[in-house]
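Welcome, and please open your viewer with selection by residue number ready to hand. We will go from strand to strand, then on to other parts of the model.

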Amino acid sequence: MIAWRTVRLRPFHERDLPLLRAWFDDPELMRFWGMTSTPVVDQRFADDLTGRFSRFDHAGYFAIDLIDGTTIGRVDFERLSTETRSAEVMILIGDRTARGKGYGTDAMVALLRYLFHTRNLHRVSLTVLAWNVRAIRSYEKTGFTVEGRLRDDLFFDGGYHDQIAMSILRHEFDARWSTDESAALDTGGEARVTLG
Ligand SMILES: CC(C)(COP(=O)(O)OP(=O)(O)OC[C@H]1O[C@@H](n2cnc3c(N)ncnc32)[C@H](O)[C@@H]1OP(=O)(O)O)[C@@H](O)C(=O)NCCC(=O)NCCS
């Protein structure tokens, strides 16, 4: 488990299948990820759980829990390279009543602590739809910097959409967050990174 302030990150379990499915089936939510919901068989989610969701190698998929155990979303990394010491990240708070309360920012900080301090990465990047101002604001709070605009990068809902490229380097993350270690104190002074 990885803890930071209001959230806990943990691997997905079989009991999470209905939630994974529900988030994927929510067209408004998938639109934030630049995707159109398409019918998918349940087996695909079961295969994910025993496959890519269980490995935590070049990709990792965490459930985001609140302290009371409520599961509100997921935060992922993909394309982790040990050569360039970099990875890409993505996040969603599936429960819409849980958005705008700081949980997404806390979950991203938790993931970055794991990627920078446990996986020893140097750079973490993401792309976000240019009109997703809430997400951009959350990433800025986390410490991400805008690198540029990818014009007409995605096509969905009958039109092109720009994306904003953002990144954060380890020294930038540490300068912003390393003096705030107390946020992980409730798990023993350091965010736990043991999975399972
Ligand atoms: C993006 C997401 C992960 C952010 O998590 P969150 O918990 O909602 O974010 P936070 O509450 O930590 O921060 C949101 C910030 O945006 C601000 N905000 C919200 N709506 C806004 C708007 N319309 N315009 C500008 N700022 C806005 C909030 O005020 C807050 O900033 P503040 O703390 O300075 O007041 C979450 O909203 C989400 O999952 N959204 C749907 C899926 C999605 O967009 N995923 C990201 C795809 S790249």
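Start by selecting Arg74 and look across to E5, where its bridge partner is Leu92. Keep in mind throughout that you are looking at a predicted model.

**Strands E4 and E5**

Now widen the selection to strand E4, residues 71–81, together with E5: the two run antiparallel and are joined by seven bridges. Next pick Glu78, whose bridge partner in E5 is Glu88. For the turn, select Arg85: E4 and E5 make a hairpin with four residues between the strands, and Arg85 has a positive phi near 55 degrees.

**Over to E3**

Click on Gly60 and find its bridge partner in E4, Phe77.

**On to E6**

Which way do E5 and E6 pair, parallel or antiparallel? They pair in the parallel sense, over three bridges. Glu88, already seen as the partner of Glu78, stands opposite Ser125 in E6.

**The whole sheet**

Zoom out and colour the strands. They belong to an open sheet of eight strands with mixed pairing, in the order E1-E2-E3-E4-E5-E6-E8-E7. Select strand E1 (2–4) and strand E7 (145–156): these stand at the edges, and each has a single partner strand, so one side of each is left without a neighbour in the sheet. From one strand to the next, the twist averages 25 degrees.

**Around the ligand**

Now select the ligand and the 22 residues around it; those that come nearest are Phe32, Gly104, Thr105, Ala135 and Arg137. Colour the shell by element: helix H2 (27–32), strand E5 (86–93), helix H4 (103–118) and helix H5 (133–142) each give two or more residues to it. Which element gives the largest share of the shell? That is H5, with six residues. If you switch to colouring by residue class, you will find 10 nonpolar, seven polar and five charged residues in the shell.

**A stop in H4**

Stay with helix H4 and pick Tyr114, which is found there. Is Tyr114 buried or exposed? It counts as buried, because it has 23 C-beta neighbours inside 10 Å. Draw a distance from Tyr114 to Val128, C-alpha to C-alpha: the two are 21 Å apart in space and 14 residues apart in sequence.

**Colour by confidence**

For the last view, colour by pLDDT. The protein averages 91, and 93% of the residues score at least 70. Then select residues 186–196, over which pLDDT stays under 50. The model has 19 contacts beyond four places in sequence for this stretch. Where pLDDT is low, predicted coordinates should not be read in detail.

Methods
Residues are numbered from 1 along each chain as its sequence is written. This is a predicted model: local features need pLDDT of at least 70, side-chain atom pairs count only at pLDDT 80 or more; totals for chains, interfaces and linings use all residues. A residue is near a molecule or strand if its C-beta atom, placed from the backbone, lies within 6 Å of it. Ala, Val, Leu, Ile, Met, Phe, Trp, Tyr, Cys and Pro count as nonpolar, Asp, Glu, Lys and Arg as charged, and the others, Gly among them, as polar. A residue is buried if 20 or more other C-beta atoms lie within 10 Å of its own, exposed if 12 or fewer, and partly exposed in between; C-beta atoms are placed from the backbone. pLDDT is the predictor's confidence in each residue, from 0 to 100. Two residues are in contact if their C-beta atoms, placed from the backbone, lie within 7 Å. Two strands pair if DSSP finds at least two bridges between them. Axes are lines fitted to C-alpha atoms, for helices over the stretch in contact, and angles run from 0 to 180 degrees between N-to-C directions.
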